[in-house]
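Welcome! Take a look at it first, and then read on.

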Amino acid sequence: MSQDKLIQVKGLEKRFKRLEVLRGIDIDIHKGDVVAVIGPSGSGKSTFLRCLNLLEEPTGGQIIFEGTDITSKETNIDVMRQKIGMVFQQFNLFANMTVLDNVMAGPLRVKGMKKDEAEKLALGLLERVGLGDRGSAYPIQLSGGQQQRVAIARALAMQPDVMLFDEPTSALDPEMVREVLDVIRQLADEGMTMVVVTHEMGFAREAASRVLFMDEGVIMEENGPQEFFDHPQNPRLQDFLSKVL
Ligand code: ADP
Ligand code: MG
């Protein structure tokens, strides 16, 4: 069973000066899990994701990724980061590069992949996110939903073992939310392990295998989606759901 554990988070803490943002997070993420994280603004959701790929350095606790303690000083963070894809609310594409070059950049520069191989990979990924015909476009020529799908393809190009999404649809116009969630859901169906911070309760309910409620830097509740939404236990979760559903 334990080799199933892709990420083990143990007593994770993060402080910014005197502000305690994460106050002891414990969770195991298994291969194929689709973990949705919900919770009020400022509860530490982004900080949690950023700690998972060490964009933030934890101030306490451990993160064991595929058996390696990535919080240990001896660990090569750059190597570990390649295995962890991240997609942000803002798409952050390279504006001066075509869509295809955006997706190829990681494999070429970081993995040292040959150009024709990287191009083949990138074209396949663009196809997968429904943009097979937009490789030669520049980001500014695409809609927000299309740009976010390119950002997903770019993250996938590093062939990560887990994908982290931080409110991937929050910056989108409403009519584009669906196309992005559909791509994420398709990835989930294909067995990609992922952690998705989201305000889309319908998505959490339908696509997630587990849902976490984060509040004040701790996981206040965790359950399968049906139990989580139909029978919330913690009064703070009940209150939160009554406002967002
Ligand atoms: P969420 O994503 O749930 O809205 P965040 O993880 O972004 O919450 O933020 C949690 C708290 O940590 C907030 O009070 C925020 O202001 C604070 N915070 C986040 N990043 C930093 C930082 N780099 N420096 C200082 N405070 C931060
Ligand atoms: Mg956030």
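Among the elements around ligand 1, α1 contributes the most to the shell, giving 3 residues. Please keep in mind that this is a predicted model.

**Who surrounds the ligand**
- The shell of ligand 1 is made up of F16, L19, V21, P40, S41, G42, S43, G44, K45, S46 and T47.
- At least two shell residues come from each of β2 (19–30) and α1 (45–52).
- Sorted by class, the residues around ligand 1 are 4 nonpolar, 6 polar and 1 charged.

**Polar contacts of the ligand**
- A polar backbone atom of G42 sits 2.7 Å from an oxygen atom of ligand 1.
- For G44, a backbone N or O atom is 3.0 Å from a ligand 1 oxygen atom.
- S46 takes part through its side chain, where an N or O atom lies 2.9 Å from an oxygen atom of ligand 1.
- Ligand 1 has 570 Å² of accessible area on its own, and the protein covers 59% of that area.

**A look at S209**
- You will find S209 in the loop that runs between α7 (201–207) and β9 (210–215).
- S209 counts as partly exposed because its relative accessibility is 34%, which falls between the 20% and 50% cut-offs.
- Beyond its neighbours within four places in sequence, S209 is in contact with D33, V34, G224 and P225.
- S209 and V35 are 174 residues apart along the chain, yet 6.1 Å separates their C-alpha atoms.

How values were computed
Residues are numbered from 1 along each chain as its sequence is written. Chains are lettered from A and ligands numbered from 1 in the order in which they are written. This is a predicted model: local features need pLDDT of at least 70, side-chain atom pairs count only at pLDDT 80 or more; totals for chains, interfaces and linings use all residues. Side-chain values use heavy atoms; hydrogens and water are left out. Helices (H or I, at least four residues) and strands (E, at least two) are DSSP runs, numbered from the N terminus. Buried means under 20% relative accessible area, exposed over 50%, partly exposed in between (1.4 Å probe, protein chains only). Contact means heavy atoms within 4.5 Å. A residue is near a molecule or strand if one of its heavy atoms lies within 4 Å of it. A polar contact is a pair of N or O atoms within 3.5 Å; within protein, one must be able to donate a hydrogen and the other to accept it, and residues adjacent in sequence count only if both atoms are side-chain atoms. Accessible areas come from the Shrake-Rupley method with a 1.4 Å probe; for residues, only the protein chains shown count as cover. Ala, Val, Leu, Ile, Met, Phe, Trp, Tyr, Cys and Pro count as nonpolar, Asp, Glu, Lys and Arg as charged, and the others, Gly among them, as polar.
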